[in-house]
Amino acid sequence: MFFKKKIYHFICSVIFIIYLNPACSNSDSSLYLHFDNAYVKLPLIGSDSTSGYANITNRTDYLISVEGISCSGVSLSSFHETLVDHMSGSTSMEKIERFKIFPNKSIKFSPGGKHIMLMGISEEFTKGDKITCQIFTDPRGIVKVEFEIQ
Ligand SMILES: [Cu+2]
């Protein structure tokens, strides 16, 4: 009886390890491009535009080009970069058409730098909601990412 219980425990442990080890779930396409701390700032009252941030990691051994983004409940989503004019100190934004992430490297989208620009965001969204975005990559296709509204 004791022996049987031990075998059962062993089998459970093996199953547990297989399911939790990311290396065993390579079939999950969302893992090749990983988004950490993906969030969107709640738009200011009276505004329907806001920005999103994340730390994006290329978990493959090849170069990945990120070609675009489309988010549900948002009219226009794109990648932007904040530029600072060092002479005047003023800032402006420029659209990034595409960007590359080297194998096993990360790119940080953070306040004051690169950001995801969301224009025409639905008024329905409130803090804690999730915005689902599709990220288009070459190669591989589409990665689905959820950005939490903060
Ligand atoms: Cu912008």
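A residue counts as buried if 20 or more other C-beta atoms lie within 10 Å of its own, as exposed if 12 or fewer do, and as partly exposed in between, with the C-beta atoms placed from the backbone. The views below come from a predicted model, in which local features need pLDDT of at least 70 and side-chain atom pairs count only at pLDDT 80 or more, while totals for chains, interfaces and linings use all residues. Residues are numbered from 1 along each chain as its sequence is written.

**View 1. Gln134 in strand E9.** Gln134 is found in strand E9, where helices (H or I, at least four residues) and strands (E, at least two) are DSSP runs numbered from the N terminus. Because 15 other C-beta atoms lie within 10 Å, Gln134 is partly exposed. Leaving aside neighbours within four places in sequence, Gln134 is in contact with Ser70, Ile142 and Lys144, a contact being a pair of residues whose C-beta atoms, placed from the backbone, lie within 7 Å. Although Gln134 and Val145 are 11 residues apart in sequence, their C-alpha atoms are 6.4 Å apart in space.

**View 2. Ile135 and the largest nonpolar core.** A nonpolar core is a set of buried Ala, Val, Leu, Ile, Met, Phe, Trp, Tyr and Cys residues joined through C-beta atoms within 7 Å. The largest one here has 22 residues, and those with the most contacts inside it are Cys133 and Ile135. Two or more residues come from each of several strands, including E1 (33-40), E2 (49-58), E8 (114-121) and E9 (130-138), while E3 gives the most, with 4 residues. In soluble globular proteins, nonpolar side chains tend to be buried together. Apart from its neighbours within four places in sequence, Ile135 is in contact with Leu33, Val66, Ile69, Ile142, Val143 and Val145.

**View 3. Leu118 and the pairing of strand E8.** Two strands pair if DSSP finds at least two bridges between them. Strands E2 and E8 run antiparallel and are joined by 4 bridges, and the bridge partner of Thr50 in E8 is Leu118. E8 also pairs with E4 in the antiparallel sense, over 7 bridges, and here the bridge partner of Ser77 in E8 is Leu118.

**View 4. The whole protein chain.** The protein chain has 1 helix and 10 strands, which follow the pattern α-β-β-β-β-β-β-β-β-β-β along the sequence. Of its 150 residues, 18% are buried. Among contacts between residues at least 6 apart in sequence, 63% join residues at least 24 apart.

Notes:
Contact = placed C-beta atoms within 7 Å.
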